[in-house]
Amino acid sequence: MNKKQKITLVGVFAAILVIAAVVAGTLNYRATQSGMKEFQVEVVSDRDGYSQTTEYKSDAEYLGEFLRTMETCEWQESDYGIYITGFDGMQEDLDNQYWWCVLVNGESSVTGADEIPLADGDVYCFTLKQGW
């Protein structure tokens, strides 16, 4: 294979990667809703025998933005956005592999809370899980 063919092959490969990234971004994109939204936040901890669902209204566009204003949510900023450490005094326990899992309408989130758009009628469930 000569130098010109190698350059062409690398260019085609780079173009395929760019197209794949654009397609993946488009498929995973959820538009935000402006204005007031009504939604539920459910907090579940089997370890603590706790389960509570509360109705909320907010004009925040993303879940992370809303959680920063929620009095019962304990969190830290990280390089990747908001990191949930507890709810209602129930703390994660990394030594025993307890961590907070986020589900949106019953499905595990594949992004952090700062990237989850708030939507009218959605249910955001935070479950204290054990094990990696």
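**Entry 1, ground rules.** I worked on a predicted model, where local features need pLDDT of at least 70, side-chain atom pairs count only at pLDDT 80 or more, and totals for chains, interfaces and linings use all residues. Residues are numbered from 1 along each chain as its sequence is written, and side-chain values use heavy atoms, with hydrogens and water left out.

I looked up a nonpolar surface patch and found Y83, L94 and W132, with about 360 Å² of accessible area together. Areas come from the Shrake-Rupley method with a 1.4 Å probe, and for residues only the protein chains shown count as cover.

I placed Y83 in strand β4, residues 81-87; strands (E, at least two residues) are DSSP runs numbered from the N terminus. Y83 counts as partly exposed because its relative accessibility is 33%, and W132 as exposed because its value is 66%. The classes are buried under 20%, exposed over 50%, partly exposed in between.

I found W132 in the segment after β8. W132 touches L94, Q97 and W99, leaving aside residues up to four places away in sequence; contact means heavy atoms within 4.5 Å. W132 and W99 are 33 residues apart in sequence, with 8.7 Å between their C-alpha atoms.

Key
Patches are made of residues with over 30% relative accessible area and no salt bridge: like charges are joined within 9 Å, nonpolar side chains (Val, Leu, Ile, Met, Phe, Trp, Tyr) within 5 Å. A salt bridge is a side-chain nitrogen of Lys or Arg within 4 Å of a carboxyl oxygen of Asp or Glu. Helices (H or I, at least four residues) and strands (E, at least two) are DSSP runs, numbered from the N terminus. Buried means under 20% relative accessible area, exposed over 50%, partly exposed in between (1.4 Å probe, protein chains only).
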